[in-house]
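Here's a quick tour of a two-chain model. Have the coordinates open as you read.

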Amino acid sequence: MLPSVRKLFIARDVIKKNLFNMLISKEEIKKLAELARIHLTEAEERNLEKDLGEILNYIEKLKEVDISNVPEMTHATEVKNVFRNDEEGEGADLSLLLGQFPESNDGYLKVKGVFERE
Amino acid sequence: MIDFSNLTIKKTKELYQSGELSARELVSHYQDEIKKKNPELNIYRETFDNAFEDAEKIDLKIKHGDTPRALEGIPFAIKDNILIKGKPAGASSKILEGYTASYDSTVIKKMREEGAIFLGRTNMDEFAMGSSTENSAYGVTKNPHDTTRVPGGSSGGSAAAVAADLALASLGSDTGGSIRQPAAFCGVVGLKPTYGSVSRSGLIAMASSLDQIGPLTPTVEDAEIIFDVIKGKDELDSTNLETEFPSGNSVSSAVCTIGVPKEYFSLSEGGMGGLDSDTAKKIMEAIDFLKSKNFEIKEVSLPSVKYALSAYYIIMPAEASSNLARFDGMRYGPREDGKNLFEVYTKTRENGFGLEPRRRIILGAYVLSAGYYDAYYGRAQKVRQLIRGDFENEFNNVDLILTPTTPHPAFKIGEKANDPLSMYLEDVYTVPVNLAGVPAISVPFGSVSREGKNLPVGVQLIAPWFKENRLFEVGKILEGLKS
């Protein structure tokens, strides 16, 4: 192999590795933040890209585990449906509960319109 | 003169019965101490005015000759994520500023029925996300043993309250070590019960398949007394199981052999890379002490625990991301204004959540994204099954497992605050316990010296599912050696 071609191959591998290590992009963070209804500043996005990248890199370790034939764990102790009778019981204090509303109208919870007019 | 700093539940009840102490005196003592020490230590977010009135009622009962209940007149500090009806609760987050609980959590109800008094609510990492209380929106709590250091977290306020003599005992919650790690850092006992043994109703949820409420106490016996009150089936928590608990006071010993996982501690080398050497010495001392008490010490292996933190940092944020979706400024807490609903949500959550909850919400949303499920969440749940299997295997060979609680004593305030990953690695010995759902206790075992200060060391004992009695049995022996 010609030295220059070899160099190209090495360069390609380095780029590939860097790409692989960059597990989450700023665009993805932006999208996720929007979906999770969280506003992030530019600086926070940058920091998150670094922090999440490091954390995701760390948890990549899981890829080396042989999980063939292992079921997903869904409960720490046992899997069983728990039922109870549908009976009236002592619940929350209604006035305390309603008193928490940031905005209310005649005991109703008031929120901004869900649909917007064009 | 009563030495308040050496009180236990049993001793306090004896003093009440003999008339040497009243609940009012004890509550006043703690209230005075809180006034003195809290401005510096920042342990309580708030104290409750009615504690003294509650004490008066209890004193009348005692005077009347009523049979004392399990926690008669015992003053408690409660972590800020456990609801007490009519009291503010905030998980140390701005997004719950002004929120008042409209019902009692099941643990509070049970404790109230047994005569407990609630002194106030304690500081914590926001939404229990952290290992130092530095993530609290209301400032860091300081370690009573050295105020330049953290008390651990997330139940840092609850651990420090007991250590600083600002409550007889407290409640915390443990998702990946949040009771045991601060207990170790503050030199108190901390119990994480079996998943499903204590109701989570009224606990502000972080990661629902891992969260458990448990006590932080001066002695193992106190932890046992409180556990006996708060455990048991509750219809309000569907993961809560009906189980026959073996009695903690059985005469015959339940524990003969104790395993030490070679992944965490080498018996031949008396330590392990990543474990502070002074801490390792104390752990070896504890092992030798138990040997001298005729326990057989065996090397055991938990081959999958090296993946525990990776699995945890997928499962926990995934569940937290879902649980924290309810904090949207609609039904409670402050609401920011915006030009439309979307903006109201985003602004409320931007101002309400600190950096760590936002980091975990985004990480959780990422690992649950379509296309990533198999690579992350699904895989993590399978690894979790392997870790659970490791414990199951070794509990066929040993009755109990022993590890350090933390890799080193309490660290300095600010030391890890800007490096989330290194903060996450703090939980290396405690996280596998939550993933497997088994119970564990941290018992103080002497201290190590740092810059002229004595910093406590904790020994973690882990038992099979629902065998808390074994933790109490060996925990009491361990704490018997005051080193």
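Predicted model: local features only at pLDDT ≥ 70, side-chain atom pairs only at ≥ 80, totals over all residues.

## Around helix 4 of chain B

Helix 4 itself covers residues 106–113, and its buried residues are T106(B), V107(B), I108(B), K110(B) and M111(B). What do they pack against? The buried residues of helix 4 of chain B sit against strand 2 (75–79), strand 3 (117–122), strand 4 (169–174), strand 6 (212–217) and helix 7 (220–230) of that chain.

On the way into this helix, T100(B) sits in the loop between strand 2 and helix 4 of chain B. T100(B) has a relative accessible area of 18%, so it counts as buried, the cut-off being under 20%. Setting aside neighbours within four places in sequence, T100(B) contacts L96(A) and Q100(A) from chain A, plus G86(B), K87(B) and P88(B).

## The nonpolar cores

The largest nonpolar core holds 164 residues, and F76(B), F127(B) and L171(B) touch the most other members. Helix 9 of chain B is the top contributor to this core, with ten residues. A separate core of five residues includes V150(B), F185(B), A410(B) and M423(B).

F76(B) is a handy place to start looking: leaving out neighbours within four places in sequence, its contacts include M111(B), I117(B), F118(B), L119(B), A169(B) and I226(B).

## Where the chains meet

Chain A has four helices and two strands, running α-α-α-α-β-β from the N terminus. Of its 118 residues, 25% count as buried. For contacts in chain A with a separation of 6 or more, 32% come from residues 24 or more positions apart.

How much area is buried between chain B and chain A? The value is about 5,800 Å², with carbon and sulfur atoms giving 66% of it. In residue terms, 71 residues of chain B are in contact with 55 of chain A. There are 20 residue pairs in polar contact between the two chains. Helix 9 (308–323), helix 10 (341–352), helix 11 (355–367), helix 12 (374–394), helix 13 (420–424) and helix 14 (431–436) of chain B each put at least two residues into the side that touches chain A. Helix 12 gives the most, with eleven residues. By class, that side of chain B has 35 nonpolar, 18 polar and 18 charged residues.

## Salt bridges

Over all chains, the structure has 39 salt bridges, and four cross the interface of chain B and chain A. One salt bridge pairs E44(A) with R358(B), at 2.9 Å from N to O.

Within chain B, R24(B) and D59(B) form a salt bridge with their closest N and O atoms 2.7 Å apart. R24(B) is in helix 2 (residues 23–41) and D59(B) in helix 3 (residues 51–64), so this pair ties together parts 35 residues apart in sequence. R24(B) is partly exposed at 35% relative accessible area, while D59(B) is buried at 10%.

E33(B) and K36(B) pair up at 3.0 Å, N to O. Both lie in helix 2 of chain B, three residues apart, about one turn of the helix. Buried or exposed? E33(B) is buried, at 12% relative accessible area, and K36(B) is exposed, at 61%.

Conventions:
Residues numbered from 1 in each chain as written. Chains lettered and ligands numbered in written order. Heavy atoms only, no water. Contact = heavy atoms within 4.5 Å. Buried area = accessible area lost by both parts, 1.4 Å probe. Salt bridge = Lys/Arg side-chain N within 4 Å of Asp/Glu carboxyl O. Polar contact = N/O pair within 3.5 Å; in protein donor to acceptor, adjacent residues only side chain to side chain. Nonpolar A, V, L, I, M, F, W, Y, C, P; charged D, E, K, R; others polar. Core = buried A, V, L, I, M, F, W, Y, C linked by side-chain atoms within 4.5 Å. Buried < 20%, exposed > 50% of the residue type's maximum accessible area, 1.4 Å probe, protein only.
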